[in-house]
Every structure is written in structure tokens, then in C-alpha cells.
Amino acid sequence: MNANSLQTPIVYLKGVGPNRAETLQSELGIHTFQDLLNLFPNRYIDKTHYYKIGQLQRSNADVQIVGKIVHLKTVEQKKGKRLVASFVDDTGEMELVWFRGQKWIRENIKLNTPYVIFGKCNWFNGKFSMPHPEMEPQKDHEQGLKIAMQPVYPSTEKLSNKGISNRMISKLVQQIFIETKGRFTETLSEKLLFELKLLPKSESLFNIHFPKNQELLAKAQYRLKFEELFYIQMQLIAKNMLHKKKIKGFNFDQVGTIFNEFYKNHLPFELTGAQKRVIKEIRGDLGSNAQMNRLLQGDVGSGKTIVAVMAMLLAIDNDFQACLMAPTEILANQHYTGISELLEGTGITCALLTGSVKKSARRPIHEQLESGELQILIGTHALLEDKVKFKNLGLAIVDEQHRFGVAQRSKLWHKNEIPPHILVMTATPIPRTLAMSLYGDLDVSTIDELPPGRKPIKTVHRFDSNRLKVFQFIRDEIKKGRQIYIVYPLIQESEALDYKDLMDGYESIARDFPMPDYQISIVHGQMKPADKDYEMERFVKGETQIMVATTVIEVGVNVPNASVMIIESAERFGLSQLHQLRGRVGRGADQSFCILMTSHKLSTEAKTRLQTMVQTNDGFEIAEVDLKLRGPGDIMGTQQSGVLNLKIADIVKDNDILKTARYHAMQILKDDPSLEKPENLVIRHAYSQLVKYKNIWNYIS
Ligand code: ADP
Ligand code: MG
């Protein structure tokens, strides 16, 4: 059967019919023969393995045991009766229990005859028992043993209610094998099969559904996982190559006086090796005739801003304008202040545009942008308004990209006829594993080195009961001239409650740290921007020693003198958020601290998060743990989780296969970009089928 006929609607499969077809569609997304063939079992029950009663563990799921029924009795219970058999082997005794169909069992079961029983075991009244076991006389069982491992398919309640059992699905899959004679078009090249010793397609599909033994099953799984990841990588890499070919960008071929002058005379510090490397990567893109689409990731405090500034200078050297967009006003203000300072004496013009910039101040900005007088514009999403028109925007930089939607980002593109180069900066390191599969179509630069002289932040976990000691520690640090953050969770669903926590916390801190010895700032999302700024300003200037806040301060805020971060109810924060918050301290020369406060009630996962924070300061390590804890969908948000809707592979567990797949996809496309070589025809065909049929049913239904 060729690939086309596998596109036959499932309703035409013998044994399906309109009702079942509809259930399969709505419950499992199965529209075609192909979809059913690609419904891979979640797990397998090993039918060649027999347990002894004496070996049973309370955690066993499904077990298969050989033994004899030695005794059968009916037990009266509140509602009806139950039939109980005592079942023995040479290691012990257990019970089999029936609540229904007792008459049939009584009439048909033979005592003292070997049976093979199969089912779920419970631990009940100090004994193992199995309700409603599947059972077969041992001699029948041995004759009928066709498959060693019984597949268990994904199921839903509705499926089982509608009578589409696991056995039924298995039978339908079998029907496809009968109709196709089990011959399926190969989708990987000879060369790949040979080099990686992969199982051919037909054999893989057979063994994934009807495994002959463990070894073949493992090989089938490997091959199908590889194939799945390989074609995702092919798509991503091909997209990236196409993008580079098709989307012309401005060519910044000058590294001119402005860049060089800044480098020689204005740079306030020596760049780290990582910063130099990343600037070089960006320079490569900007001078390559293709539009840059680069993600710059670097831990909090790794020095991304200076990289952004130097990239903007390259644009200006080539007579283009540049803009920098930040997700919050606080951050935009801070960028503006910091960057203006850096550019002092260079003659470069720079303006700030946010929601709270007055109308009268906006007009000159708009005009100067259109005339080209203004070279750099910094701001919030106010930059995206239609009124904001550039003379020639050459480079757009987006800070903290995960705060902006994709649609917003692409709006930046349409500010020109030729799209500006795009640099997206993020301090939420995307685990390498995930970056590869999600952003395979984006170029990624990484700053993996902190500026010299930073002392690693000391992180500890303290229980609420130790609060007095923590307060004493705060007093000591303030005496040394340091400033303190105290952060409360604020989560949308429980906003009112959280807000109360914050205010209660603020009051209790105000009691323990009374004026006039202590000054406290408070910042939260329900305040007016002007009030927020005022409170923030006081803290930045050092007029207040303590900043009580919600996570509004998470992003970007830079107060080098603040050296203690206290996170209340730390168990309620996600790992990457905790790490972001911690990144607010450790920016000056002093030893910094992060104190994670929690109650004694902690889930296992919360404990792992806290331990991870205590053990490491490395954002990438933290991101990897986060990925393992939460799974990829959650991390990237629902928007992108579609990409991760994998049928068989698991991005976290199958990371090695992913790397292999990416490597080979890259090699093949480098060597033969349009897949024209005879050896790649198989891949080309499979690839085009994939693209053709990928979403077709999603569009229709
Ligand atoms: P982030 O990557 O979090 O945006 P910033 O760009 O805000 O980090 O940099 C954090 C701090 O480190 C700033 O105060 C900046 O001036 C300083 N910094 C950046 N690069 C260096 C360097 N190479 N040497 C010393 N200090 C640096
Ligand atoms: Mg930053």
C-alpha cells in the first residue's frame, strides 16, 4: 500500500463504520488509516513474564500468574454477594474476586487445575487479591500465545464507554496490516538505515504494534522516534535556510567610526569573551545580505545590554535607525537611562517612548523619527503603534522576548518594506534540548559567562518559623548599608488573596522595621504607573532600604546596592521565576543572598525546585530541571506546544536521539539542499508527503 492510500478515511476500514469513526476522530484525532497506524502504544504488558505470588509488590500494576484454585466460596456483603477463590502457587496464596457473573464462574471453573490469570492486583485485608481476572487454562494459554507483549493504547473514558477497548484498537490496527499486507513505504534513506542500523519502516511499524520480543520493540521505538525527530529538524532547518535565501536584509557592511570610537573611548569595561563572541556572531549576520533573526540568551546579569548597544551602533554606522523594546515601563526607563549614559559624548540621539510619555512630548519624537534625526528609540510596546514611523529602521531589538507575543514581534517587521534585522534577548535560558527543537529555525547566540568579579549569590531555604532570625539578618545587612527586596507571589487566579498576603506582609514588616530608622518602598501591579515609579525611584536612589513587591520587579530592574532577595511563599513560584527574582541581587561587589521562605508543607516537586535553587546559580542547569519537572508544553506556553505534540519521541528523555537526528538532518541539507541526489529521493518524497498531509484534517474539521 502506498502512502496515498494510507490517507483513506478511517470510516472505510473494515470494522469501523460511521459511529466508531466519529469517536476515533473526536477522542484520538484519528481521521485516516495513517493516523491509526501512528497511534503508538503507551506501554506494553509482557505476556512472557510470570509472577510468583510470593514476589508480588503492592506497586505491581498488571501481573500474570500461574496457579490453581483450591477453594471457592460466596461471601455475603451489604450489597449482594461476592465470589472469592483462593488461588495458590508454590510460593503463596492470594484471592480472586468476582462481583458479577458468579454463576458462570461457579459452573465453569475447575478446581485444582493450572490456570494462567492476568489482571491488576490489590492489597486488601493483609492479602493480595485480583478482581475479575482474565483467566485461561494453562494448556490453552500456551497454545494461543501469539504475541509476547500486549500493547496498551492511549484511551479515554469516552472511548471505553463507547466500547472501543484496547483489544478493539489492536484488532483495527491488525486489520490495516491485513489490508496492506504489512508493507509500508520506506521513509528513510538506505544510507541512514545503514549508517544508524535502523529497522526498516514496515518492520518497525509491525513491532511497535505487535512486538515479537523486547529487543525488536526497542529497535522499532528507536527508529520511529528518530524518524519523528528527524523530520521535525528537516522542517526547521529547511525553513531557516529558505529564510536566509529569500528574506533579503539590509547589509551593514560598514564597521565604522561610531562603533570603533565607542569601543575605544566609551566602553566602561572590558567585554567578556562571551560578549565578544556574540557581537561577532551578530556582526556576521548583519553583513550577510540576509535578514537577521537571532535569539540572544544570557543569564540575568550576563551583560546583554551592552551587546544590544553595540549592535545598534553597527546600524547607525550604516545610516540606519535602531529600536529597543522592553516589556515594562520600569525596564524601558532603566534601559533608556543606562543607554543614554553609555552614549554620552558620542553625539548619538536617543529617545524614550512609553505609554506614559505625554502627547506633547510624543510629537517631536514622531517627527524626528520620520526625518531620521533620531537614531535610537527605546520603549515599551508603544513603539508598535501605527503612528510610530521610522525613516529607515535597520535593527529592532526585543528584550525579554517571552513577554511579547509572536504577533507583536512580527509587527516590528512591517515598519519597513525590507524587514529590519531582529535580535531577541532573553534571560530565561531555553534549555538546549528545547531550543533545538523549537527554535531550530532561529539562530541562537549564548552569553555563558558572567562579567568578572561577581560573587556567586548564596541561596538558602528557611521555614516561616525562622522568620525572627531572618529579620535579624535583614537588620544586620541594612546596618552594613545594603538594601533588601521582599517579594510576594501574585498569581492571577488568586489575586485578591495574594494581594491581602502582600498587604499583611507589608504591615508586619513595617512593624518590625519602624520609621524613622527604616524606610520601606512598596510596588505592586494595582498601583498607578506614576506611584510605582516614585516608589521605585526612592529605592533606586537608596532613600528606602526595603522594597516590598510582587513579581513586577522580576524583569530587568537593576539596583547594584541591593544584596538580599527574600522570596515569600517560595514554594508557589516556578523555577525560572525564582531564578529571575534571584537575579535582581548579586549585581554589585558585595556578597549577595537569596532567602527562600516557605511553610513546612511542601510537595515533592516544590522541594526539588528549592533544592535546585540552593544548589546552583546556573540558569541553564535550572532551565533543564524546570523542563524535566514541568514538561515542554508548559514552559513555552500553549502557543508553541503544538510543535511538541510528538507521537512517540519525548524531547527530554530522547535528547540523544534528537541530537543524532538534528546532526543528520543538517548534514543532508547542507550537502543537498533541495534533496535532489538519488540517495535522498526517499527523504524528499517522505518530506513532501508530510508537508502535504500534515495539517489537512485539522483544517477541515
Ligand atoms: P542582563 O544580561 O541581565 O541584561 P545587563 O546588561 O543589565 O545584564 O548587565 C548587568 C550589569 O553588568 C550592568 O551593570 C553592566 O554594566 C555590567 N556589565 C556588563 N558587561 C560587563 C563586563 N564585561 N564587565 C563588567 N561589567 C559588565
Ligand atoms: Mg537586561
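Analyst: The model is a predicted one. Helix H8, residues 201–209, and helix H9, residues 214–246, have axes that come within 8 Å and cross at roughly 120°. An angle from 65 to 115 degrees would count as roughly perpendicular and one over 145 as roughly antiparallel; H8 and H9 are therefore oblique to each other. Their crossing is left-handed. On the H8 side, the contact is made by Lys201, Glu203, Ser204, Leu205, Asn207 and Ile208. These meet Leu216, Leu217, Ala220, Gln221, Arg223, Leu224 and Glu227 of H9. Sorted by class, the contact of H8 with H9 holds six nonpolar, three polar and four charged residues.

Helix H10 (residues 257–265) packs against helix H12 (residues 304–317) at an angle of about 145°, and the two axes are 7 Å apart. From H10, the residues involved are Thr257, Ile258, Phe259, Phe262 and Tyr263. Their partners in H12 are Ile306, Val309, Met310, Leu313, Leu314, Ile316 and Asp317. By class, the contact of H10 with H12 comprises 10 nonpolar residues, one polar and one charged.

Next comes the ligand site. Ligand 1 is surrounded by 16 residues, and the closest are Glu270, Gly301, Lys304, Thr305 and Arg454. Glutamate 270 places a backbone N or O atom 2.9 Å from a nitrogen atom of ligand 1. For glycine 303, a backbone N or O atom lies 3.1 Å from an oxygen atom of the ligand. Lysine 304 takes part through its side chain, with an N or O atom 2.8 Å from an oxygen atom of ligand 1.

Setting aside neighbours within four places in sequence, glutamate 329 is in contact with Thr354, Gly355, Ser356 and Thr380.

Two backbone details in loops remain. The peptide bond from methionine 515 to proline 516 is cis, with omega near 0°. Proline 516 sits in the loop between helix H18 (495–512) and strand E19 (520–523). Serine 569 is not a glycine, yet it has a positive phi of about 45°. This serine 569 lies in the loop that runs between strand E21 (562–567) and helix H20 (575–582).

Technical notes. Residues are numbered from 1 along each chain as its sequence is written. Chains are lettered from A and ligands numbered from 1 in the order in which they are written. This is a predicted model: local features need pLDDT of at least 70, side-chain atom pairs count only at pLDDT 80 or more; totals for chains, interfaces and linings use all residues. Side-chain values use heavy atoms; hydrogens and water are left out. Axes are lines fitted to C-alpha atoms, for helices over the stretch in contact, and angles run from 0 to 180 degrees between N-to-C directions. Helices (H or I, at least four residues) and strands (E, at least two) are DSSP runs, numbered from the N terminus. Angles under 35 degrees count as roughly parallel, over 145 as roughly antiparallel, 65 to 115 as roughly perpendicular and the rest as oblique. A crossing is left-handed if the near helix is turned anticlockwise from the far one by less than a right angle, and right-handed if clockwise. Contact means heavy atoms within 4.5 Å. Ala, Val, Leu, Ile, Met, Phe, Trp, Tyr, Cys and Pro count as nonpolar, Asp, Glu, Lys and Arg as charged, and the others, Gly among them, as polar. A residue is near a molecule or strand if one of its heavy atoms lies within 4 Å of it. A polar contact is a pair of N or O atoms within 3.5 Å; within protein, one must be able to donate a hydrogen and the other to accept it, and residues adjacent in sequence count only if both atoms are side-chain atoms.
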